[in-house]
Amino acid sequence: MKRIRTFSDRALLLAFVAGVSTTLLLILVPVLDAVRLSLYQAESFISAQTWVGLANYTRILSDPTFWHAFGIGLLFAITTIAAQVVLGVLFALLLDQPFPGRPVVRGITVLPYLLPTVVVTVIFQWLLDGGLGLFTVWAEHIGLGRPAWFENPTSAMLILIVVSVWTWTPFVTVCFLAAMQTVPKSLYEAARVDGASAWMRFWHITIPMLAPMLTVTVLLRSIWMFNKFDVVWLLTKGGPLSATEHLPVLAYRRAFSQFDVGGGATVATLSFLVLTVLIAVYFHYFPLEEKEEKS
Amino acid sequence: MAEQDSSKALIPPSATTDTFSRRRVITTAATGAALMALGAPAVHAQTKTIRFLNAEPGRESVRALRVAAAEYEKQTGVKVVVDTVPPDDAYSKLQASLSSGTPYDIGTLAFAGHMLILAEAGKLVPMTKLIEKSKWGPRILFPVKGEHYWYPYDYNFCWMYYRKDLYQQKGLKVPTTFEQMAENCKALTEGGKFGVGHPLGANSATQWMSIGYLWADGLKMLDDNFKLLIDNADMKPRMIRYLDFMKKLQPSMPPGMTQALFGTVLAQYSGGQIAHAPYAGRLMEVLEDRAPDLAGKTGFFMYPDSAGKAQAVNHAADGWVLLNTPMRDEAYKFMEWFTERHYINFLHSAPLHFQPPRLDVYEDARWRAHPLIEKHAELVEFMRGILSSKDVIIRSIDTEGPRIDLRPGKMFETFAISEAIQNRLLKDMPAAEAVDIMAKKYRAVL
């Protein structure tokens, strides 16, 4: 075991301790407090709290609203992740090809990811406005009438998916594009000499070489999309008729609007547990292979 | 090496020698910090500070409060710090300030249920004596166990505005029944213009702007024991009539009304897109600002019922609360001074929108002298008539029941009535079924 001797070692240790302490303070403490709150009944954060044990869990788990929100969350997460990964890989492959103006196009591709979520949602709200929205007017011009985009449960969910995919696909593209630069060109050249088609080179070289990046990207996107609150809240607030109400929105509503802090904390805790189980299952099927340290 | 030497030459000799040693830096920093720590309480002790959480973010309202704060500090030496948040964030911000141990001394609330929670938790100071100095309009004071914990400044009634010029062109009359309202809206829907804009989403806007017809039709949600009434033999037909009426009104509304909020309706009416709009006095202020030609063409009426016998307005309320902090006595003194000297100035910051709940204000020459209040005397008399007429029904979901209670507040926050409207309009669900689903949701929170 290495001993801490130099100033650099001490600085690193200090940075590590500061990072862990901040994490504990800002993440672990609130999480533990949410778990504690889930065992109490309270109408607000300042009201008297009554110990109810696991009664909140029984109540929430027997409430069809919870399962509906869980299903909506899964649907939203799975569809957006699938679309983001497929499109992200596709765009990365295209951007890896040499063509004039490539650096500029690469820069533009990242733009949606750089926009603040509020800006993105306001843009889409305007585009889809029932009276003046550009898409609404176009739809009318081609004879589709004025679509009530947010009044139909299916179209409301589709809009959320499209907005999410539009915003976060660049993240996947950038990750894959970076990873693709690490694949030795000699592998492709050898495969080409052996007569491998473009598809075979992609399937047998690119995908295996990008597997660790794919695993991590899908994992990160899963966590972010399952917990995604801002886009849903800003665009639909879970409506219409709860058609887009997933677990984060349900937890927020219960805790901050419906005078049920314990219920909200329970939904949040259950959401956390569900996500943990899903990640464990994911790692079981797609383990991250650690590189062995060279001696 | 040469570069190193030249850079060193730029630094004063004193900084490069051991006079600028690590020990010296630490000693100096520690001394400074200690002096600051010792000095800080002394400064606090010299200046008393009241923290005021304002939830009226309009520029004029913020200015009115700041002017009052500056004048109060000049007179008394007590500093009043005004923080402003959007109305929807006020309660969360108050809770956060209490939980973090740095509570505001005065807060603004737009929901009587929140005041009740804070009062019952012992976080508020009663203002009963202050309240008893004035006469108040109906359904605006919400005493808790005989004490008054909030000082109202705005009624927030919601009624209907309409385009008088379009009515004249089409030969229409001000509606007194659901049927007439639907027919008028239908007649005014043509060429990309719509008859009316009622929000239809699961939100506060819908429950403030779209359900006044229900109150006019005599709906009561709760009895004197807070028992739900909406699906009994008397009330259910009223709910069904209302939902069927909204279904009939739907083709006269612009698309996308499930997304509509308060500002949407203001924009739709001031932009000439809709011929009827539900709102309070703010709409006239917006017209004066953005579309002054429409201000003179705009009339107003209360929500009609189904039979032409009654009319109603939906209401909300805004008020200030005093928090139980070490500065409570100073905050009380400030409120006493402010409500005496600056109440009208504050009301003037939204002259037609902030409808005075204090009855003496209507007779006060200072209040009446505001140009917009003078110009819109007819509207002001209409607003005042809501308070004085016994024929006008004033109700809201969150204040249903015999006294202020959290149960109707919980009903409000379920947005079950908004969902009933959506079920009827978007899913074409039979009204009776939509009422049953709504009643089930309400019972779950009662």
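This is a predicted model: local features need pLDDT of at least 70, side-chain atom pairs count only at pLDDT 80 or more; totals for chains, interfaces and linings use all residues.
User: How many helices and strands does chain A have?

Analyst: Start with the definition. Helices (H or I, at least four residues) and strands (E, at least two) are DSSP runs, numbered from the N terminus. Chain A has 12 helices and two strands. Their order from the N terminus is α-β-β-α-α-α-α-α-α-α-α-α-α-α. Along the principal axes, the C-alpha atoms of chain A fill a box of roughly 75 × 70 × 35 Å.

User: How do I read burial, and what share of chain A is buried?

Analyst: Count C-beta atoms, placed from the backbone, within 10 Å of the residue's own: 20 or more others means buried, 12 or fewer exposed, and in between partly exposed. In chain A, 31% of the 295 residues are buried.

User: What do the contacts in chain A say about sequence separation?

Analyst: Two residues are in contact if their C-beta atoms, placed from the backbone, lie within 7 Å. Take the contacts in chain A between residues at least 6 apart in sequence: 68% of them join residues at least 24 apart.

User: Now chain B. In what order do the strands of its open sheet run?

Analyst: Two strands pair if DSSP finds at least two bridges between them. The open sheet in chain B has four strands, ordered β7-β8-β6-β9, with mixed pairing. β7 (194-196) and β9 (298-301) of chain B each have a single partner strand, so one side of each is left without a neighbour in the sheet. On average, neighbouring strands of this sheet are turned by 25 degrees against each other, direction ignored.

User: Which residue of β9(B) is the bridge partner of B:Tyr161?

Analyst: B:Phe300 is the partner. The strands concerned are β6 (residues 159-163) of chain B and β9(B), which pair in the antiparallel sense over four bridges.

User: Which strands does helix α13 of chain B touch, and what angle does the helix make with β8(B)?

Analyst: Angles run from 0 to 180 degrees between N-to-C directions, and axes are lines fitted to C-alpha atoms, for helices over the stretch in contact. Helix α13 (residues 262-270) of chain B packs on the sheet and touches β6 and β8 (274-279) of chain B. Its direction makes about 145 degrees with that of β8(B). Helix α14 (residues 282-290) of chain B also packs on the sheet, touching β6, β8 and β9 of chain B, at about 130 degrees to β8(B).

User: How many residues does each chain give to the contact between chains A and B?

Analyst: Chain B gives 25 residues and chain A gives 22. On the side of chain B, the elements giving two or more residues are α5 (90-99), α21 (406-414) and α22 (416-426). The largest share, five residues, comes from α21(B). By type, Ala, Val, Leu, Ile, Met, Phe, Trp, Tyr, Cys and Pro count as nonpolar, Asp, Glu, Lys and Arg as charged, and the others, Gly among them, as polar. The side of chain B divides into eight nonpolar, 13 polar and four charged residues.

User: How do the axes of α21(B) and α23 of chain B cross?

Analyst: They come within 9 Å and cross at roughly 135 degrees; α23 spans residues 431-445. Angles under 35 degrees count as roughly parallel, over 145 as roughly antiparallel, 65 to 115 as roughly perpendicular and the rest as oblique. So α21(B) is oblique to α23(B). The contact is made by B:Lys410, B:Met411 and B:Thr414 of α21(B) with B:Lys441, B:Tyr442 and B:Val445 of α23(B). Those residues divide into three nonpolar, one polar and two charged.

User: Which backbone details deserve a look, starting with the peptide bond from A:Gly239 to A:Pro240?

Analyst: That bond is cis, with omega near -5 degrees. A:Pro240 lies in the loop between α10 (230-235) and α11 (247-257) of chain A. In chain B, B:Phe415 is not a glycine, yet its phi is positive, near 55 degrees. B:Phe415 sits in the loop between α21 and α22 of chain B.

User: Is B:Phe415 buried or exposed?

Analyst: B:Phe415 is buried, with 27 other C-beta atoms within 10 Å. B:Phe226 also has a positive phi, about 60 degrees, without being a glycine. B:Phe226 is partly exposed, with 17 other C-beta atoms within 10 Å.

Methods
Residues are numbered from 1 along each chain as its sequence is written. Chains are lettered from A and ligands numbered from 1 in the order in which they are written.
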